[in-house]
Amino acid sequence: MLGYPRSLASVRDLQSQNIHKIIEQAFCFKKSGFTHVREAVVLLAFFEPSTRTRTSFEMAAHRLGMKPVAFAADHSTSLKKGESLHETLANLLAMKPDLLVCRHGGDVRVAEILRTCEVAWVNAGDGQGEHPTQALLDAMTIIERLDQIEGQRIVYVGDVLHSRVARSGVLLFEMLGAEVAVAAPVEWVPKDGAWAKCKRFASLAEASEWATVCIGLRIQKERHADNKSVPVQDYRLDRRNLARLSSNALIMHPGPFVAGEDLDEEILSDPRCAIHDQVTNGVYVRAAIMAEMVGKA
Amino acid sequence: MLGYPRSLASVRDLQSQNIHKIIEQAFCFKKSGFTHVREAVVLLAFFEPSTRTRTSFEMAAHRLGMKPVAFAADHSTSLKKGESLHETLANLLAMKPDLLVCRHGGDVRVAEILRTCEVAWVNAGDGQGEHPTQALLDAMTIIERLDQIEGQRIVYVGDVLHSRVARSGVLLFEMLGAEVAVAAPVEWVPKDGAWAKCKRFASLAEASEWATVCIGLRIQKERHADNKSVPVQDYRLDRRNLARLSSNALIMHPGPFVAGEDLDEEILSDPRCAIHDQVTNGVYVRAAIMAEMVGKA
Amino acid sequence: MLGYPRSLASVRDLQSQNIHKIIEQAFCFKKSGFTHVREAVVLLAFFEPSTRTRTSFEMAAHRLGMKPVAFAADHSTSLKKGESLHETLANLLAMKPDLLVCRHGGDVRVAEILRTCEVAWVNAGDGQGEHPTQALLDAMTIIERLDQIEGQRIVYVGDVLHSRVARSGVLLFEMLGAEVAVAAPVEWVPKDGAWAKCKRFASLAEASEWATVCIGLRIQKERHADNKSVPVQDYRLDRRNLARLSSNALIMHPGPFVAGEDLDEEILSDPRCAIHDQVTNGVYVRAAIMAEMVGKA
């Protein structure tokens, strides 16, 4: 594949023809079943805890006949004994896995090691940076349900500021010809370049008249000092806020959601809701990425 | 296999010919070695912690060439972030494992998802409900040592009230023609229908004259308000209480036991003790169940 | 292999020709790639927490096509429910893994079970006892960089007293014809027989004039009552203390290290530093050991 990166740190590492090739491969796995690639060892190094994403990568690895080895920083005794995070990563890389899947909280020295390492690696979330595989599975889900990304009007709702999911999404969707907007209070609208061209809506109700895709986001309380002033009910995926959403539109959320807070559970049975499809497609997309990066090495 | 269930939630899902077929297959694995079935991904979702049972299923899966993926709720960050237990399960199911092995504490909405889910699944313990694979491995152990279940006099000893092991056992053993009794203080005798026909003994010493199989149980202190009034020493597997047990009888315990409390460690070297055989047979029985449920799909 | 032990509890279980055969096999894996042995299930029972060693064994197992199953005592619910450590181990052994890799804190009854068990097993660290696979990977690294062990002058630096790494090392290196010394304050010099013949240096600076290999050690604070009187800066791997070390010498550390305490991070970029080579070689050595112990069974 021309220009296919050895590492997937950011959506910016991909070109639009690569994105389409990954998603095509993912659809192919979904329709015709998985095929084995070589017996690679995939190290899942999660320095920030995760369950959904780690399990998704682990299942995808097994489906390809690869061998996942999970490393969770929260159980690391080396870290408890005083080893630095970047040295733990350097050690794991010294064990020579064929592929590294890494999540971390944004540690500068961890990022530096990843930038220069010889092992192929995939970013599974880096603090408030990016989460490119989530953007890819979201793209696959939109294509599956609405045929194409081009021309869609996609709105990220709620706590956009702290969301690496949304940052990877806006980069990817604009590259593929969609228009992206934000429905969030001013405090939660990111100021960086990725969002410069984006329309802003003051509430989900207002955005839902415009959007063909609404993507809710969990309120990342752990990153907030104080939310008292934010009218969170205006950004919740619920029947009232989505009353004017087109019947052909999509309702999405990267999960985990907090029922009653960023999503009302009745939304899950709305025919426009694709939240569980996203989870299903995550395994196919991650398998497609890993097959491409490791299969031919 | 006629009437073999797609899911094993309860011993009631099995017919006696299915039970015998599973146990025969388990003996066959024990005698002639394991055989590979297709490369299924088995998701081990343990919403209540476990080590013995999870490790047993994990080893059984590997023996069949299956790929176990473990999910432990105690490490789940989605749950910590406010996701509900049943939504976590819905997500794991959306990843499309070939088989789900699930332990949970009895959560009503988790049970509801399991009841209607499309993925084949095995109950690895559901609160104070059932634990059917334990009953099956106990049956295998009795057959191995005493040739048959039919006609045995089996007594559950001690904290029967809180024991899902005992509930699955009484259903299974009566289906196979054994007589089941309880040796427990009145407070620990279950009142539900499964136990209606059962004889009761006031102490293990009394029961051990009658029984051909004594099955001890851990006192589930975490489920008791207060045990002060219960004479626990009357229900301990020890030399004194088992003095009148026949030399052909069996001593069993599902584990984990608390030495000195529900079992005296010297019992482990009694030739009638089959406690470690139960653990060994657990791997064979679980493999037999998984091979049957997934192998032919 | 003549005299090859079924279990690797101590370096003393090995003869020098076995040691060389293991290391040769490890070099062969490194040069020509891994080869599959039979589909063994390897149980990794870590009753003392570990990340580096467990991950290294897990990757080595996968490279051979074996199936690792990890059991970590810190998550064990059986232990929380009151099961004794040795009974947990007896249970895991009853599940009949093909190989056990075990780390424990030195529990006498655990050691007793291991001494008599029928399952082949490898010691992955036993309290302040031994850590034979670490000594073997250190030997491989020295041979790789300095051609041979024979004739080397190897110094263990710092907290030698509490180090199972150093105890396995001194036994192995003397068996292979090296001279071993200790650079440590009197309080940290072990008094047991293994160290009887060893030279002692009062500081690393002094030892580095003599040594061809300097092996630093983490200060095991968790095993110290009080370190206030020890001049730790005299035993740190740093530029000042290593100023007189030969340009052909090696700098090693089993990890994890605490930067600024037992090692200055700038040492990692010294061309004499082999710390990450040790980690890399660990996977090859452990694979060689497991292939030998299990592959031909």
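The following legends describe close-up views of a predicted model.

**View 1. Chains A, B and C are related by rotation.**
Chain A can be laid on chain C by a turn of 120° and a shift of 0.0 Å along the axis, with an RMSD of 0.0 Å. That is the relation of a three-fold axis. Chain B is superposed on chain A by a rotation of 120° with 0.0 Å of shift along its axis, again with an RMSD of 0.0 Å.

**View 2. Chain B touches chain A.**
The contact is made by 19 residues of chain B and 20 residues of chain A. On the chain B side, strand S3 (67–72), helix H3 (77–80) and helix H4 (85–94) each supply at least two residues. H4(B) gives the largest share of that side, four residues. By class, the chain B side has eight nonpolar, seven polar and four charged residues.

**View 3. Chain A touches chain C.**
Here 19 residues of chain A are in contact with 20 residues of chain C. Strand S2 (67–72), helix H3 (77–80) and helix H4 (85–94) of chain A each supply at least two residues of the side that touches chain C. The largest share of this side of chain A comes from H4(A), with four residues. The chain A side divides into eight nonpolar, seven polar and four charged residues.

**View 4. Cys214 of chain C lies in the largest nonpolar core.**
In soluble globular proteins, nonpolar side chains tend to be buried together. The largest nonpolar core of the model has 305 residues, and those with the most contacts inside it are A:Cys214, B:Cys214 and C:Cys214. Leaving aside residues up to four places away in sequence, C:Cys214 touches C:Val155, C:Val157, C:Leu204, C:Ser208, C:Leu237, C:Leu242, C:Leu245, C:Ala249, C:Ile251 and C:Met252.

**View 5. Five strands of chain C form an open sheet with parallel pairing.**
The strand order is S7-S6-S5-S8-S9. Strand S7 (199–201) and strand S9 (250–252) of chain C stand at the edges with a single partner strand each, so one side of each is left without a neighbour in the sheet. From one strand to the next, the twist averages 25°. Strand S8 (residues 213–216) of chain C runs parallel to S9(C) and is joined to it by three bridges. C:Cys214 has C:Ile251 in S9(C) as its bridge partner. Helix H6 (residues 132–146) of chain C packs on the sheet and touches S8 and S9 of that chain; the direction of H6 makes about 155° with that of S9(C).

**View 6. Strands S3 and S4 of chain A run parallel.**
Four bridges join strand S3 (residues 99–104) of chain A to S4(A). A:His104 stands opposite A:Asp126 in S4(A). Strand S4 (residues 121–126) of chain A is mostly covered, with six of its six residues buried.

**View 7. B:Pro254 sits in a loop of chain B.**
The loop runs between strand S10 (250–252) and helix H9 (275–294) of chain B. B:Pro254 is buried, with 25 other C-beta atoms within 10 Å; the threshold for a buried residue is 20 or more. B:Pro254 touches B:Gln134, B:Val165 and B:Gln278, not counting residues up to four places away in sequence. B:Pro254 and B:Ile275 are 21 residues apart in sequence, and their C-alpha atoms are 7.2 Å apart in space.

Most residues other than glycine have a negative phi, and most peptide bonds are trans. A:Pro256 is in the loop between strand S9 (250–252) and helix H9 (275–294) of chain A. C:Pro256 lies in the loop between S9 and helix H9 (275–294) of chain C.

**View 8. B:Lys96 and C:Asp147 have positive phi.**
Phi of B:Lys96, a residue other than glycine, is near 60°. B:Lys96 is in the loop between H4 and strand S4 (99–104) of chain B. With 17 C-beta neighbours inside 10 Å, B:Lys96 counts as partly exposed. C:Asp147, also not a glycine, has a phi of about 80°. C:Asp147 is in the loop between H6 and strand S5 (153–157) of chain C. C:Asp147 is exposed, with 10 other C-beta atoms within 10 Å.

Terms used:
Residues are numbered from 1 along each chain as its sequence is written. Chains are lettered from A and ligands numbered from 1 in the order in which they are written. This is a predicted model: local features need pLDDT of at least 70, side-chain atom pairs count only at pLDDT 80 or more; totals for chains, interfaces and linings use all residues. Copies are superposed by least squares on the C-alpha atoms of residues with pLDDT of at least 70 in both. Two residues are in contact if their C-beta atoms, placed from the backbone, lie within 7 Å. Ala, Val, Leu, Ile, Met, Phe, Trp, Tyr, Cys and Pro count as nonpolar, Asp, Glu, Lys and Arg as charged, and the others, Gly among them, as polar. A nonpolar core is a set of buried Ala, Val, Leu, Ile, Met, Phe, Trp, Tyr and Cys residues joined through C-beta atoms within 7 Å. A residue is buried if 20 or more other C-beta atoms lie within 10 Å of its own, exposed if 12 or fewer, and partly exposed in between; C-beta atoms are placed from the backbone. Two strands pair if DSSP finds at least two bridges between them. Axes are lines fitted to C-alpha atoms, for helices over the stretch in contact, and angles run from 0 to 180 degrees between N-to-C directions.
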